[in-house]
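Here is my note on the model you sent. Please read it with the structure open.

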Amino acid sequence: MPDARQRVLILGGGFAGVGATKELRKADVDVVLVDRHDYHTFQPLLYQLATGLLETTAVGHSLRDLVKDQDNATVHQAPVTRIDVDAKEVSFEGLDPIAYDYLVLALGAQVTFFGTEGAAEHAFPMYTLADAVRLKNHLLDRWEAADKDGGLVDDGALTVVVVGGGPTGVETAGAVAELYRNNFDRDYPDLPQEKARVVLVEAGDEIFAMFKPNLREYAKDALEQRTVEVVTGARVQSVAPTRVTLASGEVIPAHTLVWGAGLQGNALVGSLGIELQRGNRIAVGPDLELQGYPGVFVVGDVAAITDSKTEQVLPQLGSVALQSGEHAGDTIARRVAGKKEKPFKYRDKGTMAAIGRHAAVVQMLGGKTMKGHKAQFAWRTVHLALLPTNEDRAKAIVDWAGSELTHQRVGRIHVETDEDN
Ligand SMILES: Cc1cc2nc3c(=O)[nH]c(=O)nc-3n(C[C@H](O)[C@H](O)[C@H](O)COP(=O)(O)OP(=O)(O)OC[C@H]3O[C@@H](n4cnc5c(N)ncnc54)[C@H](O)[C@@H]3O)c2cc1C
């Protein structure tokens, strides 16, 4: 007798895809999770990996390990190449096509450089685990190079320009400044710290536009205390390996430009033949299903989900991705079991960002705000809850506690790969 179990195909092993997979653990279905990587990436901590505070395994977790106790789930590592929602089949590179009964589209977003000249070739985006490792290695490489040839310092070898005054840019700029002033000052005592600039460039009038004015001011002060130069109302026009040119014509000698400015939905959604929302995202209703395609759920960063409470499109956040993924999994489990389904309701945990040691901001849905130590505690609590396992939480707590006491960044080593040699 043929296997009557229905197949749920989950594309993407980020917060949304893993949330959906775990929610289906007791459902009478076969769950197939496919990601181009064999690991889940915890993006909120990428900047801590890039600045040596955390190690790779605290930010990336094996997908096979995450589902090892889930008997109805299997994992494949393969890039998705085509999604055919009419034929209910997905094609991959190096893996046979997989047909599905239910599809959970959780492919996340990707960086966009808005056509900035030279950015695709020379900028360091902060989106993937590989991006964070590449940035860390590059920073270490520049300091080692300047240690051997002091002339490189005036050429901008140690200067970092960070683009984007949102959480990714602010967190990265704050962390790089702390790495420079608290670690590299002792690691490289002969190199002049004052010539190792960290410049945050934001096109709008202020950084942290999504936060209330008191938090924006606090964040700017906190960055400046950490010696970050905050430049607002400025746009990066072009990027070259050692020079960053602003639209004003100003040229900043800098060997590193970190791009934390723009995201858009995964490019694969363009081939679905459906109308897309701003930023290449797919609009879904309260059931998170793709209109006209029952059984196809779109969740996480790639979805434009309108909050039932505020009527606003929810931001691209880990908690939105996790909750929407879990909701899709729960809905499929209910449908398969013939149970009543529920509409998606987002539980807002607040908008938050860390600026550095003991400096963070939190804004709750009702408008209440927090900053400093208290906000850092709240930031850590929420982000620990998002980490996929207790082991990851324990690892992060130990590394954070170590750095609290000693400013230590144990991960500041450059492991050469074949590509480096
Ligand atoms: C630097 C940074 C910092 C952030 N900080 C915070 C924060 O502090 N708090 C917060 O709540 N949110 C934060 N976010 C946002 C949060 O990380 C995202 O909202 C969340 O990761 C989205 O989850 P997702 O599952 O939709 O997508 P992702 O986590 O991006 O997962 C998508 C998955 O799809 C896979 N994939 C993509 N394309 C293909 C393909 N063609 N084939 C196969 N697999 C593919 C990817 O490998 C990936 O594993 C941050 C994001 C960034 C980039």
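The points below go from the whole chain to single strands and one tryptophan.

1. Basis. This is a predicted model, in which local features need pLDDT of at least 70, side-chain atom pairs count only at pLDDT 80 or more, and totals for chains, interfaces and linings use all residues. Residues are numbered from 1 along each chain as its sequence is written, and side-chain values use heavy atoms, with hydrogens and water left out.

2. Overall fold. The protein chain has 12 helices and 25 strands. These are DSSP runs, numbered from the N terminus: helices are H or I with at least four residues, strands are E with at least two. The radius of gyration is 22 Å, close to the 22 Å that the globule rule gives for 421 residues, so the chain is as compact as a globular protein of that length. That radius is taken over C-alpha atoms, and the rule is 2.2 Å times the number of residues to the power 0.38. Along the principal axes, the C-alpha atoms fill a box of roughly 75 × 50 × 45 Å.

3. Burial and surface. Of the 421 residues, 53% count as buried. Buried means under 20% relative accessible area, exposed over 50%, and partly exposed in between (1.4 Å probe, protein chains only). The chain exposes about 19,300 Å², and carbon and sulfur atoms supply 49% of it. Areas come from the Shrake-Rupley method with a 1.4 Å probe; for residues, only the protein chains shown count as cover.

4. Contacts. Take contacts between residues at least 6 apart in sequence: 65% join residues at least 24 apart. Contact means heavy atoms within 4.5 Å.

5. Charge. There are 44 positive and 57 negative side chains, and the centres of the two sets lie 7 Å apart. Lys and Arg count as positive, Asp and Glu as negative; His and the chain ends are not counted. Each charge is placed at NZ of Lys, CZ of Arg, CG of Asp or CD of Glu.

6. Strand E24. Is strand E24 (residues 359-363) mostly covered or uncovered? Mostly covered: 5 of its 5 residues are buried. Ala359, Val361 and Gln363 lie on one side, Ala360 and Val362 on the other.

7. Partners of E24. Strand E23 (residues 351-356) runs antiparallel to E24, joined by 5 bridges. Two strands pair if DSSP finds at least two bridges between them. Gly356 stands opposite Ala359. The E23-E24 hairpin has 2 residues between its strands, and His358 takes a positive phi near 65°. E24 also pairs antiparallel with strand E25 (residues 369-371), over 3 bridges. Here Val361 faces Lys371. The E24-E25 hairpin has 5 residues between its strands; Gly367 takes a positive phi near 105°.

8. An open sheet. Three strands form it in the order E6-E7-E8, with antiparallel pairing. E6 (80-84) and E8 (98-99) stand at the edges with a single partner strand each, so one side of each is left without a neighbour in the sheet. E6 joins E7 (residues 89-92) through 4 bridges. Asp84 stands opposite Glu89.

9. Trp379. This residue lies in helix H11 (residues 373-386). Trp379 is buried, with a relative accessible area of 3%. Beyond its neighbours within four places in sequence, Trp379 has contacts including Pro44, Tyr47, Glu171, Met352 and Trp400.
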